[in-house]
Amino acid sequence: MTGYSIMSRLAEEGPLSVSELAGRLAMERTTCTREVAPLVVSGLVENTVGSDRRRRLLRLTSLGARKRSEAYPLWERVQRMVADEFGDADVADLLARLRRLRESSDRLSDV
């Protein structure tokens, strides 16, 4: 599931550094690097040089975009199953609480 999230974020926001991607996914940088590695090895994501040659960017490959598109119906089905099991309102409440928790965590880590 993490691989799908990584590929989706790269598809939606374009090339991102590992730090930017980790921030978008509320993930530690080292964890993000570890999760991206198999996607790079399998050719779904590529590690490219940014405009500043010192900056490395992750980019979704055409194979990655195709695999993500193929996986989307499965992801959508799982989302629907969760909503059916718990109810749309409970899922929305859970997501709102998780967002608040992440925001609080971000504020505390800035202290």
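This is a predicted model: local features need pLDDT of at least 70, side-chain atom pairs count only at pLDDT 80 or more; totals for chains, interfaces and linings use all residues.
- Arg24 pairs with Glu13 in a salt bridge whose closest N and O atoms are 2.6 Å apart.
- Salt bridges connect Arg24 and Glu13 with Arg9, Glu12 and Arg68 in a network.

**Other salt bridges**

- The count of salt bridges comes to 10.
- One of these salt bridges joins the side chains of Arg55 and Glu20, at 2.6 Å from N to O. This pair also links distant parts of the chain, since Arg55 lies in the loop between strand E1 (45–49) and strand E2 (56–60), whereas Glu20 lies in helix H2, 35 residues apart.
- Both partners are partly exposed, Arg55 at 37% relative accessibility and Glu20 at 27%.
- Arg80 and Asp88 meet through their side chains in a salt bridge of 3.2 Å, N to O, and Arg80 counts as partly exposed at 43% relative accessibility.

**The largest pocket**

- The largest pocket has a volume of about 1000 Å³. It is lined by 23 residues, of which Ser5, Arg9, Trp75, Gln79 and Leu95 are the closest to its centre.
- Helix H1 (2–13), helix H4 (62–86) and helix H5 (88–109) each contribute at least two residues to the lining of this pocket.
- By residue class, the lining holds 13 nonpolar, three polar and seven charged residues.
- Arg9, one of the residues closest to the pocket centre, is also a member of the salt-bridge network that includes Arg24.

- Trp75 lies in helix H4 and, at 30% relative accessibility, counts as partly exposed.
- Besides its place among the residues closest to the centre of the largest pocket, Trp75 belongs to a nonpolar surface patch together with Met1, Tyr72, Val78, Met81, Val82 and Phe86.
- The residues of this patch have about 680 Å² of accessible area together.

Conventions:
Residues are numbered from 1 along each chain as its sequence is written. Side-chain values use heavy atoms; hydrogens and water are left out. On a 1 Å grid over the protein atoms alone, a cavity is a set of points where a 1.4 Å probe fits but cannot get out, and a pocket is an open set with protein on both sides within 12 Å along at least five of seven lines; lining residues have an atom within 4 Å of a point. Grid points are joined across faces, edges and corners, and a volume is the space filled by probe spheres set on the points. Helices (H or I, at least four residues) and strands (E, at least two) are DSSP runs, numbered from the N terminus. Ala, Val, Leu, Ile, Met, Phe, Trp, Tyr, Cys and Pro count as nonpolar, Asp, Glu, Lys and Arg as charged, and the others, Gly among them, as polar. Patches are made of residues with over 30% relative accessible area and no salt bridge: like charges are joined within 9 Å, nonpolar side chains (Val, Leu, Ile, Met, Phe, Trp, Tyr) within 5 Å. Accessible areas come from the Shrake-Rupley method with a 1.4 Å probe; for residues, only the protein chains shown count as cover. A salt bridge is a side-chain nitrogen of Lys or Arg within 4 Å of a carboxyl oxygen of Asp or Glu. Buried means under 20% relative accessible area, exposed over 50%, partly exposed in between (1.4 Å probe, protein chains only).
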